[in-house]
Each structure stands twice: as structure tokens, then as C-alpha cells.
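Hi,

Here is the structure I promised to pass on.

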Amino acid sequence: MSSWTADPEWLNWVELQPDVTAAIFSKLGEIEEWWTHIEIRWGRTTDPEWLNWVELQRDLTAAIFSKLSDIEVLTSVQHVCLAWLKICNDLFMWRTIDMHNLAVVFDMDLDYFKICRGAVDHSNDHLSRINIEYFFNDELLHYIGDQCRP
Amino acid sequence: MSTAATADASSSGDTTEGSVRLLTLQSEDGEVFEVKETIATQSVTIKGMVDDDCATSTIPVCNVTGRTLAMVIEWWNKHEIGAVSNEKELKEWESQFDTIDDKSDRDDVYDLLMAANYLNIPTLLDCCTSAVAEAIKGKSTDEMREFFDIKSDFDEKEEDALRKENQWAFEN
């Protein structure tokens, strides 16, 4: 929104921030008029300049990120740009944390306890499922329990 | 009533094929496709239009180019019940969609992702999001920026702070 000017050329609804547009769409509810629905939704053109991954609809980007492991999101994906950081911080990403068998997937010398604590902190006590098979200890379980107390 | 499934639905001219209605879809760039209703209703959006009796004339698919729409129709044909004899064959066929080797694949998947979202085709959407997720895996932040042509909009301070904030992930 910071780049907003009064220049009419900027008055482009398609360029509206994805979450603002999503909020508008959510108000539409179950619209009977499919035509309206189709006109309104995301008027992308084939202009290659529009092939912009940052402007991809928020729920699509979130669907992609949800297929990645938490550690990938934490260590690289969220640093790509502000829009991706915001999506990564979105609570839903951290409702389920799956960290089982990390050592097999990542051939790095990582502190899994620290990563796990970071992920739990990220969830802002919305965590509902966690898999820490192979590396849990009492301290970690206490930490998770304390953080997720209702 | 079901007709024998064929993988080819390109027969134009007829308005019906047996008892199956044909729908006319028009892409953003004006290409017209005739598709069996039973196939096209894999799209939840189109199914809604059919159920609401809004699919009687040409259906404009305004955000999707003819090239992409042709790929979507190919997807529908393969996913019609009975079109492919076994799951393994289908998975093998799908693999052409779910791997991104270069930027041209990347652009195709982007278009398919938009089309799958717009037309609401859960199977295609799932395949495309997996493809992008696979492309992200194993890439560093800079590699991702390069691959997806994304410019960092963090200033230097923020970038430093972010790296520091997540330093814990790399500490021994």
C-alpha cells in the first residue's frame, strides 16, 4: 500500500494486495450469479509481466508452502520477500508441526531442539499436532506443553 | 447414462454425443473448445454453472489462454472415469505436469495453477501446488529469488535481522 498514489493509472483493482482482495471475496459468500463471480475473480492477462509469483493468490501460495517441511519454510522460504514472510507467519502454517526423521532429510548438523522450539514459538499457541519422533526429550515436551497451554 | 469413455473429446460439430451434452468453452484469447459436459464438470466452477442452468451458451473462461485451456482439457480427458485403466498409468501421465525443470515449465505450471484455481479443479490444483513445492525444495533463498524472478523487498537492515532471527536454525 505504500506505493499507492493518486495517479489513476494506479487505481488497478487487480493489483490490490492479495489479502485485501481475499477479504473482499470472502464477503461475497455464496453468490448465485456465476457471471459476476467470473468477472470479479482475478483478472490476469497473458502479459508476461503478470507472471508474478509474489502476486499469486495468497491461498495458492499457502497451499504450496503447506507441502514443504517446516524447516524449509523457517530457513529459506520466508526470507525470499515480505509477501512470503507474511504468508509463512500465517498461523495455519504452524498448527501442525512435523519434524520426524529430520536427520534423514537434511544432512546438516542442526540443533533440532532449537528448531523445534522456534517452530512452537511461531505457532503462537495454535499448535494442534506435533511430530517429534526420534529426538524428543522431557525438557522439550515440557516446553511444548507450557507454550500450548490453553 | 454413461457413454463409453474415450480419451478424445475433440469432436466438434455435434451439439450432443449420445445423451451427453457438449459445452462450449471460450478461452481468453478467443479459442473455442467443445467439451463433454461429463468431462468439464470436473471443474467445480463449471459444475456450478451447469447446476444453475447458466451453461447454455458459450462459457467464457476469461483468465485462461487457449494453450492452457487445451492442457486443462487434456487433464480432464485423462481423469475421466474409465479413461485410464490403472492408477499407475495415470500417475505416469501426470508426471509431465508435476515436474518443473526450467523456467518454461515454471510458466506453464503458473498458468495451470491459475486455471485450476479459477475453474476450481481440485486434482489439477493439487498436482500444480506439489510441482511448485518440489521446485522450491532444496533451494536457498537466493536461488528461489532467481528461479521465481522475485526481487527482495527487504532493506538491508531487515534482511540482516531476519537472518539473525533464524540463526538458531544453523547453530551447532
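This is a predicted model: local features need pLDDT of at least 70, side-chain atom pairs count only at pLDDT 80 or more; totals for chains, interfaces and linings use all residues.

Residues are numbered from 1 along each chain as its sequence is written, while chains are lettered from A and ligands numbered from 1 in the order in which they are written.

Chain A has 8 helices and 2 strands (DSSP runs, H or I of at least four residues for helices and E of at least two for strands, numbered from the N terminus). Along the sequence they come as α-α-α-α-α-β-α-α-β-α. As for contacts (C-beta atoms, placed from the backbone, within 7 Å), 66% of those in chain A with a separation of 6 or more are between residues 24 or more positions apart.

Now the helix pairs. In chain A, the axes of H7 (residues 112-122) and H8 (residues 138-147) come within 10 Å and cross at roughly 10 degrees; axes are lines fitted to C-alpha atoms, for helices over the stretch in contact, and angles run from 0 to 180 degrees between N-to-C directions. H7(A) and H8(A) are therefore roughly parallel (under 35 degrees; over 145 is roughly antiparallel, 65 to 115 roughly perpendicular and the rest oblique). H7(A) brings Phe113(A), Cys116(A), Arg117(A), Val120(A) and Asp121(A) to the contact, and H8(A) brings Leu140(A), Tyr143(A), Ile144(A) and Gln147(A).

The other pair joins two chains: the axes of H3 (residues 58-65) of chain A and H6 (residues 122-136) of chain B come within 8 Å and cross at roughly 60 degrees, so H3(A) and H6(B) are oblique to each other. Their contact is made by Leu60(A), Ala63(A) and Ile64(A) on one side and Thr129(B), Val132(B) and Ala133(B) on the other.

Last one, in chain B: H3 (residues 66-79) has 14 residues and reaches 20 Å from first C-alpha to last, close to the 20 Å expected at 1.5 Å a residue (1.5 Å times one less than the number of residues). Buried in H3(B) are Thr68(B), Leu69(B), Val72(B), Trp75(B), Trp76(B) and Asn77(B).

Cheers

How values were computed: Two residues are in contact if their C-beta atoms, placed from the backbone, lie within 7 Å. A residue is buried if 20 or more other C-beta atoms lie within 10 Å of its own, exposed if 12 or fewer, and partly exposed in between; C-beta atoms are placed from the backbone.
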